[in-house]
Amino acid sequence: MFDFVKIRDSLIGGDIEKTEALTADALEAGVPAKEILDKGLIPGLDEVGRRFQNGEYFFPELLVAGEAVKKALALLRPELMKSGSATTGKYVIGTVKGDIHDIGKNIVIMMLEGNGWEVTDLGIDVPTKTFVKEVRKKEYQILGMSALLTTTIPRLSETIEALKKEGLRDRVKIMVGGVSVTRGYAEQIGADGYGRDAVEAVAVAKKLIGK
Amino acid sequence: MNGLERMRKALKREEPDQVPHFELLIDPKVRNAIKPGLSNEDFHEYLDLDGIGLGDKNNAHRYLLLNKTQKLYRDQWGAIVKFSTESAGIPQEPAIKSEADFDHYAMPDPDEDWRYDNLRKAIKRFKGERAIFCGVTDVFDIVKESFLGDVVMFISMIRNPELVKRISQAVLEYQLRYIKNCIEVGADFFFINGDYATTSGPMVSPKMASEFLMPYLKAIADCVHENESLLAKHSDGMLWPLFDQIVQTGVDAIHPIDPEAGMDMGEAKAKYGGKVCLMGNIDCGPLLTWGTPEEVHQATKECIRKGGKGGGLICMSSNSIHSGVKPGNYLAMVEAIRKYGTYPLEQHLENLVVAGSRERP
């Protein structure tokens, strides 16, 4: 039986090459890709996330783990595609119009990708109409919007209202985040989820699509 | 006592006649709503602010227009940055994409004379009366934002620390030269911008901070002090885990004791008031944007009660007076500083917090 703890620990230790090599070894030994993901990589990333939220790990450790999982997932993807579980889901994300801060968004993207999400990054300063256009494509399970400035927070509710007006609100789950956004505000404007940090955002995203 | 004298006293943790106030940036929308038609300098005189800030990015850096409709520019470090309605540009594409790029990299020249034109104007108008603060972007911030990009920077701190240090050293040398030039031209004080933390906590561990952040901040503090000037370090976010280290670099003041990150002015005063001047901490997030003048008045009174005793407080917003700040709220803040900030504070306030002096770890 394959020792998944080794994959988990190499990820927690931030060893990108070792994580990649152990993933390749497991595949070669005939371990199903889904099992490598579920028993090795995801528990490792969950532990990194826990340490981040406890203040033991910081952005560098979190992002190196995210990078390690991305590399391992690239090896697993062909196998996962065969079994129809190549991605966790499709996520479209952007920082609202007028707001050009993107550090938080970039870290959320990295963590989503590490958790198997296929992410479309619309970038910063994204107009409401662009969010609406993307949602109209029907490709995404979740729309994530970030606003850091108090001046741009109203754009979050404007986008939700615009989606309602276009009859598109039910096509996606909507998540919001950013330094001045609170859980209460997210509820008030009718968002489906809120993430205080990247780790919480990933957990909420999974929950929203029932995974 | 004039603004300069007041500010110097506060930075040295001595008691001035009045808690000083200035902002590094006051958005033109807010200025115009309060008193239309005034230049930034006129506005400082109109409100009789104790100091004026000149950020390096807005006054001493060159930007090359790349795409007008998309508001894309190349910054002086080589990154592509995008501007929005707020004044600071955010890099879209970093200057360095591989280590080899940096081998051939040519740093901009801090000695170019035009960089100091706006500083000279401020000096001509305010020297000796109001404190002239030069904003200097933190080395960590420049490397993260313009040279490598945030994700690559954080990963490189573990995977390629030598590259991060090489770039940081080169940026430091630029900044030290810039600081010396500003002092030669006549700047009074320095304000080192660039966040080390988010609202949840530091971006990097205290151990990494001691390796990648503090040596460069200390070199800047030493340079400023060798040239007989004083400096403040700005960082948004929850800074407590790094506070001892920042104080140890020798900076004279720390801004803004971020209320949105849950940092309390009273706690800062009680622990560090004997070591460092405290600046801030009027919330420019929800409070100044959506609050009422009464709430702002109350928060300002509390800030002075907690941080003002014995000097060592410069009352300011927690970042800047950005375009979303209600003009009436900014005025309420300034009025409250003048009302409650006249020394001795005991004449207006009770239960003042006493400065403590945490032992160096």
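Trainee: In which sense do β7(B) and strand β8 of chain B pair, and over how many bridges?
Mentor: This is a predicted model. In it, β7(B) and β8(B), residues 230-234, pair in the parallel sense over four bridges.

Trainee: Which residue does I192(B) stand opposite in β8(B)?
Mentor: K233(B).

Trainee: And what about β6 of chain B, in which sense does that strand pair with β7(B)?
Mentor: Parallel, over five bridges, with β6(B) covering residues 131-137. Within β7(B), F191(B) is the bridge partner of G135(B).

Trainee: Why is β7(B) described as largely enclosed by the rest of the structure?
Mentor: Because five of the five residues of the strand, 189-193, are buried. Here buried means 20 or more other C-beta atoms within 10 Å of the residue's own.

Trainee: Which way do the side chains go?
Mentor: F189(B), F191(B) and N193(B) point one way from β7(B), while F190(B) and I192(B) point the other way. Both sets are buried.

Trainee: Switching to chain A. Where are the domain bounds?
Mentor: Domain 1 of chain A runs 4-82 and domain 2 of chain A runs 89-208. Their C-alpha centres lie 26 Å apart.

Trainee: How many residues does each domain put into the contact?
Mentor: Eleven from domain 1 of chain A and nine from domain 2 of chain A.

Trainee: Which helices supply the domain 1 side?
Mentor: α3 (33-53) and α4 (59-82) of chain A each supply at least two residues of the side touching domain 2 of chain A. The largest share, seven residues, comes from α4(A).

Trainee: How do the residues on that side divide?
Mentor: On the domain 1 side of chain A there are seven nonpolar, three polar and one charged.

Key. Residues numbered from 1 in each chain as written. Chains lettered and ligands numbered in written order. Predicted model: local features only at pLDDT ≥ 70, side-chain atom pairs only at ≥ 80, totals over all residues. Buried ≥ 20, exposed ≤ 12 C-beta atoms within 10 Å, placed from the backbone. Pairing = 2+ DSSP bridges. Domains from an automatic or database assignment. Contact = placed C-beta atoms within 7 Å. Nonpolar A, V, L, I, M, F, W, Y, C, P; charged D, E, K, R; others polar.
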